[in-house]
Amino acid sequence: MSAPEQLAAEEAAEWTADDDWTDEALALLRELRAPHRRNRAKQIAFGLYCTLLILVIWGGVPSFGLFLQASMGADYTAHGPDLLAAMPAGIAAAGLAVLLLAVRDGLWRGPVVPPRATTDWLLAHPVRPRPVLRPWFWLSCALAVLPGLVVAVGGMVALGLTVRTGLPAALGWCLVGALCLPLLGVCAGLLVQHSPRAARRARALTPYATVLVLALAVQSGLAVAGHPVPWLERIELWSGPWGWAAVAALAPTPAAVPGGALAAALLLVPTAAALWYADRAVGTVPLPLLRERARTAAGVLAALRTVELRAARLAVAGATGGERQLRLKLPAPRRAPLVLYWRDTLALLRAPARLGRAVLLTVPALLCAVLAHGSKGVLSWGITVVALLFGYLAVAQFLEPARVETDDVRRSSWSPYPFAGLMQRHAVVPALLGLLLAAVGAAVAAALGGGAAAWLAPCAVPALVAAGLVNACRGPARRDLLYRTPQPSGGSTGPLMFALWYAAGPAVAVPVLAVPFSVALRTGDPVPALAVGLTVAAGLFQWASARAAKLPARTRG
């Protein structure tokens, strides 16, 4: 018997069957909660109505229009080969990402998270846990299935338009993976929530699974570009549930792989078995763990309601075990001005996950830059925007020491510099690491045939680091921006103003840099892009300094 089962058995042994008031307690709670339940049902119905309305307006109506145009002679089959080329590795990447996200959710929240009142009061009484916890497990299953339904319908539309696949067949085969993978993810999340051993393995395997997802996505892009690897795709298609979903989705298409029915059976049967097992294991989750998860979920929800997104991320990171810290040592510098850079470097080296994420995010940034090199007009500008966004996210990983400093400005009491000068010095190490990472990535891209345009990557680093520093110095959340006076037309600019304030750095840097960098990627002339990048970097550094200078007074106020 495992440790959680033994703990549950010891707790259950404290009371006998004569003390079991589960049915009576649940009946009483149903009666007392009837008004609240009716109100929640109305809210859920309204939410579903709004979601359905959005899907119909933004998805159903355009899809119907495309099918109507196809019936009148419009031909969309030119995109069919690209879609079929992208599906094997692309669906495998998406399926593995779904399972990874579900497992990571099980590390801090899990599919079985009843409200705090249930864990703190109801489960502390002589009631059987399973009847109380089962509804929350099946609610998680229902919520996981909804996005899968939307994805399956989208796949049906795409296959029907580009490959001329029959809609019923396309929907049926797409539903196999779109429903089974989320349900398998929920069951895997319950296993991680229930078993400390599974949780340790999930933490250890997360970096490798993340790299594999990115590699599959890159492989999908290369297949669309005309460089498929058929033998590797065959291995991936039969490597696990993520590949079986791709085999099922390809079954009604001209690119069908032998064994579609077998892949569907391999998905359906284990999913049914996992749900059956999870339904019976849901009552064995230890009560102390449920209380801890309920408090964590409540804290994250409270942070999100108050728009403290960094607090929510830190709460999730703390609950999942945080990032693994390496016990590295660097020789202490003999000159006092170098101490700050030594601290920043040591902090980043001791958090290898941040360095790994920076490397992983650099890959799609360079790939998008290569795609922008071969595009024209607005499409090139849009792809360049995506490349710069990935680049910003990569260098932002190096700015964590600056963000820690602004979380509590009292930490800077050791520093002989004014706070604005301290924050400027926190940008030195991220800029050097960003330039090094961009140079290495550009060299690899150029060696693989990316051309001289790949060397534009280092030119964007100073501006992106400055944009990250602007965000790091934003200070406490400006929730007052959310409650701006509504406009006469009935809308409100509050959420938009808050979003622009929250992401002010990249919101300014990325669109401004996109135009010259898009031109430079097409023409090969880096001088205008470098000049604009340095100008934007100087302006953003001044803005970050002005923001940082106000932080101590705002915090005291």
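At what angle do helix α4 and helix α10 pack, and how far apart are their axes? In this predicted model, helix α4 (residues 80-108) and helix α10 (residues 241-250) meet at an angle of about 140°, and their axes are 8 Å apart. Angles over 145 degrees would count as roughly antiparallel; α4 and α10 are therefore oblique to each other. The crossing of α4 past α10 is right-handed. On the α4 side the contact is made by L84, M87, P88, I91, A92, G95, L96 and L99, and on the α10 side by W242, A245, A246, A249 and L250. By class, the residues of this contact are twelve nonpolar, one polar and no charged.

Helix α10 is largely enclosed by the rest of the structure, because nine of its ten residues are buried. The buried residues are P241, G243, W244, A245, A246, V247, A248, A249 and L250. Among the elements that cover them are α4, α6 (129-162), α7, α9 (230-237) and α11 (260-281).

Helix α17 (residues 400-407) is also largely enclosed by the rest of the structure, since six of its eight residues are buried. In α17 the buried positions are E400, P401, A402, R403, E405 and T406.

**Helices α7 and α8**

The axes of α7 and α8 come within 5 Å and cross at roughly 115°. The range from 65 to 115 degrees counts as roughly perpendicular, and α7 and α8 are therefore roughly perpendicular to each other. From α7 the contact takes in L191, V192 and H194, and from α8 it takes in P196, A198, A199 and A202. The residues of the contact of α7 with α8 divide into six nonpolar, one polar and no charged.

Q193 belongs to helix α7 (residues 167-194). Is Q193 buried or exposed? With 1% relative accessibility, Q193 counts as buried. Its side chain reaches the backbone oxygen of V112 at 2.8 Å. Leaving aside neighbours within four places in sequence, Q193 is in contact with G106, R109, G110, P111, V112, V285, L289, L290 and R293.

V213 lies in α8 and counts as buried at 17% relative accessibility, the cut-off for buried being under 20%. V213 and A93 are 120 residues apart along the chain, while their C-alpha atoms are separated by 4.9 Å. Beyond neighbours within four places in sequence, V213 is in contact with A93, L96 and A97. L96 is also one of the α4 residues in the contact with α10.

Q219 is likewise placed in helix α8. Its relative accessible area is 9%, so Q219 is buried. Leaving aside neighbours within four places in sequence, Q219 is in contact with A89, V229, L232, E233 and E236. Q219 and P88 are separated by 131 residues in sequence and by 9.4 Å from C-alpha to C-alpha. P88 is one of the α4 residues that take part in the contact with α10.

R164 lies in the loop between α6 and α7. Phi of R164 is near 60°, which is a positive value in a residue other than glycine.

R327 is found in the loop between α13 (309-319) and α14 (339-349). At 83% relative accessibility, R327 counts as exposed.

A466 is part of helix α20 (residues 457-472) and is buried, with a relative accessible area of 0%. Not counting residues up to four places away in sequence, A466 touches A537, L540 and F541.

**C-alpha separations**

| Pair | Sequence separation | C-alpha distance |
|---|---|---|
| V213 and A93 | 120 residues | 4.9 Å |
| Q219 and P88 | 131 residues | 9.4 Å |
| R327 and A351 | 24 residues | 9.6 Å |
| A466 and A509 | 43 residues | 8.7 Å |

Notes
Residues numbered from 1 in each chain as written. Predicted model: local features only at pLDDT ≥ 70, side-chain atom pairs only at ≥ 80, totals over all residues. Heavy atoms only, no water. Axes fitted to C-alpha atoms, helices over the stretch in contact; angles between N-to-C directions. Helix = DSSP H or I, 4+ residues; strand = E, 2+ residues; numbered from the N terminus. Parallel < 35°, antiparallel > 145°, perpendicular 65-115°, else oblique. Left-handed = near helix turned anticlockwise from the far one by under 90°. Contact = heavy atoms within 4.5 Å. Nonpolar A, V, L, I, M, F, W, Y, C, P; charged D, E, K, R; others polar. Buried < 20%, exposed > 50% of the residue type's maximum accessible area, 1.4 Å probe, protein only. Polar contact = N/O pair within 3.5 Å; in protein donor to acceptor, adjacent residues only side chain to side chain.
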